[in-house]
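Trainee: I have this one open on my screen and would like to go through it with you. Can we start with the charged pairs?

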Amino acid sequence: MPYTHRPRFLPPPWPLRTSALLALLRPRTHHHHLARVGRRRPRQTAKIKPHTVTPTRRGRAVAASWKGPARMTVWNSPTKQPPRARKTPTTSPRLSVAVGSGLGGGRAGVCCSFRVVCKDADGNKRTLGGDAVSATLNYANGYPSLDAHVLDNTDGTYTVSYTPLHASSHCILQVFINGTHVEGSPFTPRVTAGDVETHNTEIFGRGLYDGQSGRPAVFTIQTRDSFGNRCAASGAKFLVTVVLAKSLVPEFETYLKRYEPPVEVVDAGDGSHTCTFTPAQAGFYSIEVTRDSVPVARSPYQTCIFNDSIAFPPLVVFYELNGVAPQPLPCRPAGDYLLLDGKICLVESDPPRSRQQPRQREWLHFMELTHLMHEKWRTVPIRSTGVQANPPAKRTALAVDHLIVFLCHSCPVEAPPSPDGAQPRAGGIAAAAGPIDQVRVLDLSEMGQASPMWRVMQVEGKPPNAVSHYATAVWEGRNAILLSGGVDAAGNVLTDVWLLEMAVDSPCVWRALVEWPSSIFDGEGPSSRCGHTLTFLPPSKFYVFGGVDGDGAHATGLYVFDMDASSWSKPVERGQLPYGRTGHTSCFIAERYLVIYGGTDSIGDVIETASVYDLTTSTWTTVLGVAARTGARLVSRGGRMYLMGGFDRKGLPVPSVPLCSECFPFAQTGALEFVGSREQAVVCKPGPRLQPAYAVTPAQKPEAMRNRVTVEAAFLCRSFQNTGSFSPAPLVLKADAALKTGFGLFIQEHPCFKGDSIEGLYVHFWFGTYSVSGSEHVKCKIETDKWTHVAGVYDGHELRLYLNGTLRDHFQMIAEGDEGEGHAKAEVHLGGLPGKYAFDGYLDHVRVWNTPLDEESLRAVLNSVSIGKVDGLVAQWTFSEGSGEQVIDSAQQQPGLASHGSFDLYAGGVELRRGESSR
């Protein structure tokens with residue numbers, strides 16, 4: 001084997017002149033300087049490369065001398081052997097091992113370490129270092145990989161250490177020696193979260209911003225460590241308080257100032273806590289969450305609780321959210337807007353310079369909605385994991401808990417033309433992108449430490465067939481996304497329904513719920529649809545409306561599928577039915593009204609109205625005053641509607657500033673619905689001002705009841721069971737059981753006794769003692785199924801009865817005494833007298849005054865609610881609580897004076913329901 005001869009030039013022990021140095025370097029022509037070794041052999045000359053000597057015989061030592069610049073004289077010597085290269089054992093990666101606790105993982109933020117022991121091909125431990133050892137930790141949930149630090153101990157072992165920052169139970173640790181896996185690699189360590197960090201802990205859920213009175217409002221506290229990882233351990237303690245900040249029913253404002261519904265906090269044992277409270281009243285509630293007296297996340301939060309009796313107005317006004325932006329916001333498609341965690345978010349991406357070049361930079365624009373008048377738009381860059389694929393041709397943004405989820409499509413594909421050269425079979429709508437091939441996620445909880453970062457989630461299962469014009473909705477509380485209909489790559493309109501199950505620490509999964517011809521749902525669903533809307537209604541219903549069918553016709557009609565019941569249904573539709581449209585948007589308000597906004601009609605004109613479907617009455621109405629939009633996004637949150645993105649009637653992109661319309665000023669008018677059961681009644685315990693003067697203390701006598709009174713009530717009587725005897729239907733009674741002392745309003749159908757000369761349904765007012773055949777009362781004929789306002793007045797000398805503000809009957813009568821002797825100390829009964837009398841119909845807005853009102857005064861307050869302290873008003877029940885079994889007297893502003901009532905919700909086995917007053 002050839003070896004290399006490297007001449008060494010050592011510095012001489014004395015200084016050399018230049019001429020002497022040149023003489024040493026001049027080629028020599030004689031060989032007396034060579035040492036003779038053994039017997040001299042014939043000279044052999046070979047032309048070889050400089051510095052390289054090739055022996056002429058194997059196993060012989062050589063001596064060489066320069067002869068000319070390119071020749072070398074080689075002498076063979078039989079006495080010395082050339083030095084052989086020592087054979088060093090090499091490392092075998094497959095026999096080398098990695099040992100240590102770091103192979104099993106550890107806690108986020110804590111250094112994990114292990115050792116790599118190198119072995120040769122015979123399994124012997126190496127004693128020297130120098131090998132190329134590396135280790136990489138990969139995450140399965142889209143986080144960037146982590147390269148470990150390797151220390152060569154120079155004894156054949158290596159210390160490897162890494163500090164994971166992201167918790168995951170699906171990690172992959174690869175350990176290499178000289179580019180080859182060691183034995184057992186790759187390993188599967190498990191990284192757990194660190195200790196709970198209060199400021200990083202997040203709170204999410206529908207109960208933080210919306211709810212219904214009488215129904216549980218739920219939100220979740222998810223503990224996180226210092227690095228933003230979800231903690232999986234239990235034991236964290238949180239204090240949650242919910243306080244009514246402002247009532248949506250103005251007359252209840254003073255009474256509900258200190259109202260605090262109880263909150264139940266349940267530790268789920270996996271690092272999360274479920275918080276539940278059931279507000280009985282409508283209003284804005286402040287939710288404060290603390291841990292060790294430190295506010296958690298963005299606490300306090302504000303949620304808007306509506307009544308079931310909310311009335312949608314015929315006119316809605318939108319205004320711009322004029323938050324200050326450092327620069328004009330870009331005009332983006334509606335799919336890039338969303339509302340999440342109290343923020344309006346807009347994602348902006350640089351357009352690619354070419355189809356093959358990805359976007360260079362991306363930003364997140366957002367504005368907090370906590371203080372609308374003082375907030376600013378903020379912009380943060382979006383980081384990339386370094387493995388991000390080419391930019392999607394299309395994406396749809398959805399808010400899932402605290403995550404922004406993007407359904408991304410690959411580069412555009414052209415749908416094949418139909419045989420006759422016309423548009424594909426999508427009603428003139430062609431496919432515009434490839435299939436959904438990527439799910440990207442932005443975690444806004446990371447914004448407290450750094451700018452948010454894209455994560456590309458692992459997805460399992462077959463993706464949906466639709467490539468465009470499909471509808472999506474989030475199944476809140478289930479971490480799932482529903483996808484309906486759309487157009488496939490061939491231009492076919494689909495009936496499909498797909499479910500994407502989101503997971504934090506494991507791959508997402510696509511599941512086909514409806515894929516023609518199979519379906520998991522019972523009942524008949526809609527035909528093929530594209531360009532329609534899919535709207536979620538808690539807890540598990542999804543409403544489908546509008547769009548274009550497979551024949552290109554604009555579809556009409558409303559369809560519902562229930563995920564819990566796995567069934568389709570078609571609700572009843574009355575009123576002003578909306579015509580077919582596409583490109584519209586929708587949302588639910590107060591979990592009662594489905595709002596269908598804008599879109600384009602069958603001739604391509606942008607619709608300038610909104611249609612509202614009332615789930616309670618199954619009635620459609622048309623709302624005016626809305627901005628003409630198509631392709632927009634409408635979201636209801638916290639008592640407001642937000643309109644984002646879209647195009648105007650000219651097809652131009654609208655300004656990027658979102659629009660807002662307030663829902664909470666909508667009227668909250670409630671009523672009680674009685675069904676004619678003798679066990680149903682509201683019983684009110686009278687306060688001092690509703691008692692007769694002779695029955696109270698001397699200090700309370702000035703404001704007590706005397707022989708002057710006005711009683712009001714609004715009612716709708718549905719029916720009356722005439723038994724041929726006296727059996728009144730009470731509206732308001734404050735009397736004893738025999739009606740011998742007191743006053744009241746009731747309904748009676750005549751003839752009700754032998755010799756009764758009148759016929760029909762009458763409302764009666766009496767004061768003092770009631771006699772069936774006597775004349776000490778006033779009455780007026782009424783109609784059924786019609787809202788009526790009645791007022792009975794007694795001024796000490798005359799009984800008067802007013803119907804809808806008009807005097808209808810009067811009777812002269814003088815009561816004895818002036819201490820309220822005509823009053824009873826009894827309780828006030830509304831809508832019935834338990835065990836004796838019953839009323840069938842609606843009762844609303846009952847008031848009692850300790851002063852007689854004239855016709856002009858009655859007309860002034862006929863259709864209004866008294867708010868605050870009003871002279872002479874001693875009791876007012878509006879039944880607008882929304883839920884619960886309590887009836888609030890909103891006339892009294894001081895504690896201890898009110899005459900609050902209550903009722904048994906299921907008395908007699910029938911429900912005394914709260915409804916909406918439509919008068």
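Trainee: How many salt bridges does the count come to?

Mentor: The count comes to 27 salt bridges, a salt bridge being a side-chain nitrogen of Lys or Arg within 4 Å of a carboxyl oxygen of Asp or Glu. This is a predicted model, in which local features need pLDDT of at least 70 and side-chain atom pairs count only at pLDDT 80 or more, while totals for chains, interfaces and linings use all residues. Residues are numbered from 1 along each chain as its sequence is written, and side-chain values use heavy atoms, with hydrogens and water left out.

Trainee: Which side chain does Glu712 meet in a salt bridge?

Mentor: Glu712 meets the side chain of Arg847, at 3.1 Å from N to O. The pair links distant parts of the chain, 135 residues apart, with Glu712 in strand E54 and Arg847 in strand E65 (strands are DSSP runs of at least two residues, and helices, H or I, of at least four, numbered from the N terminus).

Trainee: And is Glu712 buried or exposed?

Mentor: Glu712 is buried, with a relative accessible area of 1%, and Arg847 also counts as buried at 1%, where buried means under 20%, exposed over 50% and partly exposed in between, using a 1.4 Å probe and protein chains only.

Trainee: What about Glu855, which partner does it have?

Mentor: Glu855 forms a salt bridge with Arg859, their closest N and O atoms being 2.8 Å apart. The two are four residues apart in helix H2, so about one helical turn separates them. Glu855 counts as partly exposed at 27%, as does Arg859 at 49%.
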